[in-house]
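Welcome, and thanks for taking a look at this one. Below is a short briefing to read alongside the sequence and the 3D view.

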Amino acid sequence: MKVLQPSTLDEALDMMATADTALTPIAGGTDLLVSWHHVDKDSLHLLDLTRLRKLQAMRMTKRHLELGGLTTYWQVIKSPEVARAFPLLAECARLIGAIQVQTRGTWAGNIQNGSPAADGVAVMMAYDATVILQSRDGRTEVPLDRYYTGYKQTVRRGDQLITAIRMPRRRRIVEWFEKVGARRAQAIAKLGVAAVRDTRGWRIAANSVAPYVCRCRALEDALRQGRSFGGPDEIRHALAPDICPITDVRSTATYRERVLSRILYFRLAENGSP
Ligand SMILES: Cc1cc2nc3c(=O)[nH]c(=O)nc-3n(C[C@H](O)[C@H](O)[C@H](O)COP(=O)(O)OP(=O)(O)OC[C@H]3O[C@@H](n4cnc5c(N)ncnc54)[C@H](O)[C@@H]3O)c2cc1C
């Protein structure tokens with residue numbers, strides 16, 4: 001195993017551009033170390049990002065919030081300004097692991113790990129987040145809801161780093177996040193859903209119901225057209241084009257589909273939508 005420790009972003013991007021073997025960035029390590037025993041250490045070349053202090057900062061302007069590529073859950077939990085402007089980020093961060101994971105785990109790592117169960121991704125997607133990718137050749141911005149191409153597959157190239165995640169500040173009418181797990185804390189989601197209604201309409205993102213965290217676009221469209229729903233079963237039909245839950249160690253496909261439909265039906269009813 002080889003570990004490279006750049007001190008600046010430019011140095012890190014140079015290393016990625018010139019490496020003979022693909023480099024694996026490591027931030028908090030809370031996902032990478034879970035799979036440690038299954039990794040072939042001989043071919044593992046890690047790029048340790050922890051010295052890139054500039055990537056830790058969060059930046060709030062009138063127009064948006066920018067989380068750095070190394071911003072942790074704990075930084076969001078500890079920021080009253082961010083919690084006020086983007087309450088679901090703080091709410092979700094408090095439900096991710098325990099303090100040890102919250103202080104090390106990063107929002108960018110949650111995105112790049114590509115788990116279908118990623119809670120942070122659902123919330124950021126509902127907030128219409130954009131992923132900022134940088135390489136030595138320049139920088140590109142990808143909407144988070146177009147970042148995944150399959151299970152654990154993303155559009156990121158091997159020479160790119162996530163340097164920031166940007167979320168627009170818009171007037172929001174409704175915003176909520178629900179996580180269903182075996183218990184309130186320290187549980188990977190059986191399913192989860194984040195919903196935001198702002199001046200542009202609804203954005204509903206669900207986790208653990210598809211190969212990657214996904215938008216429920218057919219339901220969003222129906223809501224935009226003012227459609228009303230007679231019960232959870234009708235919501236289930238509207239979800240069908242976007243989700244394909246599976247049965248695994250944490251839950252069954254039927255449970256996931258039914259509980260997601262019920263949460264959405266009753267939550268939307270509270271907000272006067274169905
Ligand atoms: C006990 C425990 C409980 C957990 N509970 C939850 C939970 O409830 N909900 C949840 O969603 N997650 C949970 N997690 C998963 C984990 O904490 C998150 O996914 C975390 O956000 C990953 O961030 P990290 O910095 O630790 O990533 P790392 O492990 O360092 O990296 C993860 C992946 O992202 C890549 N990467 C990291 N940073 C960058 C970057 N800037 N640019 C490009 N690629 C990058 C790495 O190469 C790797 O592929 C839990 C983990 C543990 C160990």
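A salt bridge here is a side-chain nitrogen of Lys or Arg within 4 Å of a carboxyl oxygen of Asp or Glu. Please keep in mind that this is a predicted model.

**Salt bridges**

- Side chains of opposite charge can pair when their charged atoms come close.
- By the definition above, the structure holds 20 salt bridges.
- One of them joins D198 and R170, whose closest N and O atoms are 3.2 Å apart.

**Contacts with the ligand**

- Which residues come closest to the ligand? They are P25, T30, D31, Y73 and D119, from a surrounding set of 31 residues.
- At P25, a backbone N or O atom lies 2.5 Å from a ligand oxygen atom.
- D119 uses its side chain instead: an N or O atom there is 2.6 Å from a nitrogen atom of the ligand.
- I162 contributes through its backbone, where an N or O atom lies 2.9 Å from a ligand nitrogen atom.
- On its own the ligand has 980 Å² of accessible area, and the protein covers 87% of that.

**The shell around the ligand**

- Four elements each supply at least two residues of this shell: β2 (24-26), α5 (99-104), α6 (107-113) and β10 (161-168).
- Helix α6 provides the largest share, with four residues.
- By class, the shell has 14 nonpolar, 12 polar and five charged residues.

**The second largest pocket**

- How much space lies in the second largest pocket? The value is about 180 Å³.
- Its lining includes L9, K54, L55, A57 and R59, along with E66, L67 and G68. Q134, R139, T163 and A164 also line this pocket.
- β5 (64-68) and β10 are the elements that give two or more residues to the lining.
- Of these, β5 gives the most, with three residues.
- The lining of this pocket divides into five nonpolar, three polar and four charged residues.

Definitions and conventions. Residues are numbered from 1 along each chain as its sequence is written. This is a predicted model: local features need pLDDT of at least 70, side-chain atom pairs count only at pLDDT 80 or more; totals for chains, interfaces and linings use all residues. Side-chain values use heavy atoms; hydrogens and water are left out. A residue is near a molecule or strand if one of its heavy atoms lies within 4 Å of it. A polar contact is a pair of N or O atoms within 3.5 Å; within protein, one must be able to donate a hydrogen and the other to accept it, and residues adjacent in sequence count only if both atoms are side-chain atoms. Accessible areas come from the Shrake-Rupley method with a 1.4 Å probe; for residues, only the protein chains shown count as cover. Ala, Val, Leu, Ile, Met, Phe, Trp, Tyr, Cys and Pro count as nonpolar, Asp, Glu, Lys and Arg as charged, and the others, Gly among them, as polar. On a 1 Å grid over the protein atoms alone, a cavity is a set of points where a 1.4 Å probe fits but cannot get out, and a pocket is an open set with protein on both sides within 12 Å along at least five of seven lines; lining residues have an atom within 4 Å of a point. Grid points are joined across faces, edges and corners, and a volume is the space filled by probe spheres set on the points.
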